Amino acid sequence: MDSCLMIWHMKPQSRAYRFTGHKDAVTCVNFSPSGHLLASGSRDKTVRIWIPNVKGESTVFRAHTATVRSVHFCSDGQSLLTASDDKTVKVWSTHRQRFLFSLSQHINWVRCARFSPDGRLIVSASDDKTVKLWDKTSRECIHSYCEHGGFVTYVDFHPSGTCIAAAGMDNTVKLWDVRTHRLLQHYQLHSAAVNALSFHPSGNYLITASSDSTLKILDLMEGRLLYTLHGHQGPATTVAFSRTGEYFASGGADEQVMVWKSNFDVVDCGDVKVQRPPPQASSARNLPEMNLPVPPGKDKSLESVQEQSQERVSMPQTLTSTLEHIVGQLDVLTQTVSILEQRLTLAEDKLKQCLENQQLIMQRTPS
């Protein structure tokens with residue numbers, strides 16, 4: 001909201017870069033695949049391409065006629081995708097720094113747009129309550145998904161490129177197959193709008209950020225909730241896994257950016273092997289198989305899913321994984337308590353300062 005970008009170094013005690021240039025709130029950021037460029041969009045209707053170094057030099061794209069809500073680099077780094085409140089999605093050439101074409105079938109603000117892993121498809125989410133799938137080459141809308149009951153806030157491709165996930169103001173997350181356009185999974189776990197989501201690079205997990213202040217991690221293979229993470233005070237506005245999936249970062253309306261360790265190889269989720277999608281992924285008609293299960297019906301409870309998984313493993317392994325799961329949850333609780341303690345200390349310091357200032361004023365005021 002302060003119109004600045006912060007580039008943080010993950011090494012402790014390393015300095016952060018603060019980039020200024022936008023004239024209004026910065027709504028979105030995205031690194032190029034190589035990490036040599038950074039794109040940002042703003043309420044000032046522009047997109048800036050930055051070189052993330054000490055100088056912080058940037059090139060301005062006079063991109064849209066309203067707030068830019070989303071920026072995303074193609075996997076080859078050659079193209080940039082932008083979405084805006086002017087109801088359009090635009091594609092730009094990164095190196096030539098010029099506009100290529102517009103996609104303009106949405107009838108309300110476009111909140112998010114993403115390239116598929118192979119760069120052949122584009123998906124966009126809008127306040128017109130639809131998710132649209134586009135062919136980049138023909139520039140035609142392949143399909144509109146209309147199942148959301150409210151504004152669609154965020155959308156992204158599964159790492160395999162075979163399905164998409166969308167988040168909405170109706171508190172839901174939905175996953176569709178981009179080949180058959182069938183609804184694969186539907187989650188209604190948050191008590192407020194879902195603002196962002198991110199797939200783990202393995203494709204087995206999805207993390208969501210909501211205005212109910214929580215983050216939730218979903219196991220897509222089991223079709224169930226794994227964790228609810230508390231840390232932000234107020235809405236959690238954004239979340240993203242790192243390239244390797246080892247970490248994820250979340251941002252909130254509380255002005256906090258939190259970096260979390262995934263620890264998926266420690267808890268009872270089994271070993272997660274991270275495999276990046278191959279650059280030469282095939283077209284939408286013959287994409288690699290991604291067998292996401294349809295979630296269990298009402299007759300199949302979470303307990304029954306857990307019972308089945310327990311039958312598959314021996315008793316000692318089950319006990320070990322359960323203990324590791326508890327330890328993982330305790331770590332999360334410890335971190336949350338630590339954050340609360342820090343905030344309580346800050347509040348106490350401010351209160352003490354206020355009392356001291358009041359005493360000074362009382363002393364100076366003549367009786």
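Which residue stands opposite Asp177 of strand 17? In this predicted model, that place is taken by Cys163.

Strand 17 covers residues 173–177, and five of its five residues are buried, so the strand is largely enclosed by the rest of the structure. In a regular strand the side chains alternate between the two faces of the sheet. In strand 17, Val173, Leu175 and Asp177 point one way, while Lys174 and Trp176 point the other way. Residues on both sides are buried, the charged Asp177 and Lys174 among them.

Strand 17 has a pairing partner in strand 16 (residues 163–168), to which it is joined in the antiparallel sense over five bridges. These two strands make a hairpin with four residues between them, and Asn171 in this hairpin adopts a positive phi near 70 degrees. Strand 17 also pairs with strand 18 (residues 183–187), again running antiparallel, through four bridges. Here Val173 finds its bridge partner in Tyr187 of strand 18. A hairpin is formed by strand 17 and strand 18 as well, this time with five residues between the strands; in its turn, His181 has a positive phi of about 65 degrees.

Phe241 leads on to another sheet, since strand 23 is made of residues 236–241. 

That sheet is an open one of three strands, in the order 23-24-25, with antiparallel pairing. Its edges are strand 23 and strand 25 (257–261), each of which pairs on one side only. On average, neighbouring strands of the sheet are turned by 20 degrees against each other, direction ignored. Strand 24, with residues 247–252, pairs with strand 25 in the antiparallel sense over five bridges. Within this pairing, Gly251 has Val257 of strand 25 as its bridge partner.

Definitions and conventions: Residues are numbered from 1 along each chain as its sequence is written. This is a predicted model: local features need pLDDT of at least 70, side-chain atom pairs count only at pLDDT 80 or more; totals for chains, interfaces and linings use all residues. Side-chain values use heavy atoms; hydrogens and water are left out. Two strands pair if DSSP finds at least two bridges between them. Axes are lines fitted to C-alpha atoms, for helices over the stretch in contact, and angles run from 0 to 180 degrees between N-to-C directions. Buried means under 20% relative accessible area, exposed over 50%, partly exposed in between (1.4 Å probe, protein chains only).
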